Amino acid sequence: PTDIDVRKLLTYTFFVPKSNLASYSKEFVRNLHKYPSIGVQIRTGGSLASDNEDNVFFSPSTMYRVIDMINKVVTENYIFNYNLFVSTDSQEVLTELKSIFPQLIHTSDDFKIGHTSNLRSSDGSNHGQRALIDLMILSSCDYLIYTEDSSYGRLASVLSHSEKTYYVSHK
């Protein structure tokens with residue numbers, strides 16, 4: 001087996017979410033797959049992230065790369081009707097992408113946006129639940145786009161059943 005095969009096997013062996021989170025994501029995925037699905041993981045960091053932090057991945061001036069990659073995936077794979085699922089650490093990015101892509105859907109607002117390094121924020125919300133649900137949904141998408149150098153994005157890629165995975169550079 002290849003290194004990737006071994007990583008996938010280990011990940012699937014140890015990645016077993018609680019039944020309530022698995023049920024939530026399965027229902028979401030069922031609705032997502034009415035059309036081909038494109039999963040997009042966008043790690044912004046910095047002041048663009050909903051929880052401001054030191055690490056910066058995407059900034060407002062580099063977000064065009066994500067939009068270009070979404071358009072490339074759609075064109076390259078001859079996708080006409082599709083659902084776009086976005087997992088991000090930035091409410092600002094989510095709002096902007098919704099204005100560009102009307103078919104964008106995201107995890108329920110039952111779970112707060114945030115980076116997994118802040119599993120519990122000062123207001124008591126649990127970012128970890130949303131992160132796990134988003135990870136399960138991203139891995140079930142037909143196509144996956146993830147942020148280069150994001151460990152969360154790489155994990156989504158390892159778990160992915162996607163026909164094709166793409167990464168987008170923030171550099």
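**Note on the sheet, cores and salt bridges**

1. Strand S2 (residues 83–88) and strand S3 run parallel and are joined by two bridges. Phe85 has Ile105 as its bridge partner in S3, and Leu84 stands opposite Leu104 of that strand. The model is a predicted one.

2. The sheet as a whole is open and has five strands, in the order S3-S2-S1-S4-S5, with parallel pairing. Strand S3 (104–105) and strand S5 (164–168) are the edge strands; each has a single partner, so one side of each lacks a neighbour in the sheet.

3. Helix H2 (residues 19–32) packs on it and touches strand S1 (37–42), S2 and S3, with a direction at about 140° to that of S2. Helix H3 (residues 64–76) lies across S1, S2, strand S4 (143–147) and S5, and runs at about 155° to S5.

4. S1 and S2 are paired in the parallel sense over six bridges; Ile38 has Leu84 as its bridge partner in S2. The chain passes from S1 through H3 to S2 in a right-handed β-α-β crossover. A right-handed β-α-β unit is also made by S2, H4 and S3.

5. How many of the six residues of S2 are buried? Six of the six are, so the strand is largely enclosed by the rest of the structure. Both of its faces are covered: Asn83, Phe85 and Ser87 are buried on one side, and Leu84, Val86 and Thr88 on the other.

6. The largest nonpolar core has 26 residues, and Ile38, Val40, Ile42, Leu84 and Ile145 have the most contacts inside it. Two or more residues come from each of S1, H3, S2, helix H4 (91–100), S4 and S5. H3 gives the most, with six residues. Val40 shows how these parts meet: beyond residues up to four places away in sequence, Val40 touches Val66, Ile70, Leu84, Phe85, Val86, Ser87, Leu138 and Ile145. A second, separate core has 17 residues, including Leu21, Phe28, Ile133 and Cys141.

7. A search of the whole structure gives two salt bridges. One joins Arg43 and Asp89, with the closest N and O atoms 2.9 Å apart. Arg43 is in the loop between S1 and H3, and Asp89 is in the loop between S2 and H4, so the pair ties together parts 46 residues apart in sequence. Both partners are below the 20% cut-off for burial: Arg43 is buried at 7% relative accessible area, and Asp89 counts as buried at 5%.

8. The other salt bridge is between the side chains of Lys171 and Asp149 (2.9 Å, N to O). This pair links the segment after S5, where Lys171 lies, to the loop between S4 and H6, where Asp149 lies, 22 residues apart. Lys171 counts as exposed at 62% relative accessibility, while Asp149 is partly exposed at 38%.

9. Ser150 is in the loop between S4 and helix H6 (151–159). Is Ser150 buried or exposed? At 2% relative accessibility, Ser150 counts as buried. Apart from neighbours within four places in sequence, Ser150 contacts Gln41, Arg43 and Phe57. The C-alpha atoms of Ser150 and Gln41 are 9.1 Å apart, although the two residues are separated by 109 residues along the chain.

How values were computed: Residues numbered from 1 in each chain as written. Predicted model: local features only at pLDDT ≥ 70, side-chain atom pairs only at ≥ 80, totals over all residues. Heavy atoms only, no water. Pairing = 2+ DSSP bridges. Helix = DSSP H or I, 4+ residues; strand = E, 2+ residues; numbered from the N terminus. Contact = heavy atoms within 4.5 Å. Axes fitted to C-alpha atoms, helices over the stretch in contact; angles between N-to-C directions. Core = buried A, V, L, I, M, F, W, Y, C linked by side-chain atoms within 4.5 Å. Buried < 20%, exposed > 50% of the residue type's maximum accessible area, 1.4 Å probe, protein only. Right-handed = clockwise from strand over helix to strand, strands pointing away. Salt bridge = Lys/Arg side-chain N within 4 Å of Asp/Glu carboxyl O.
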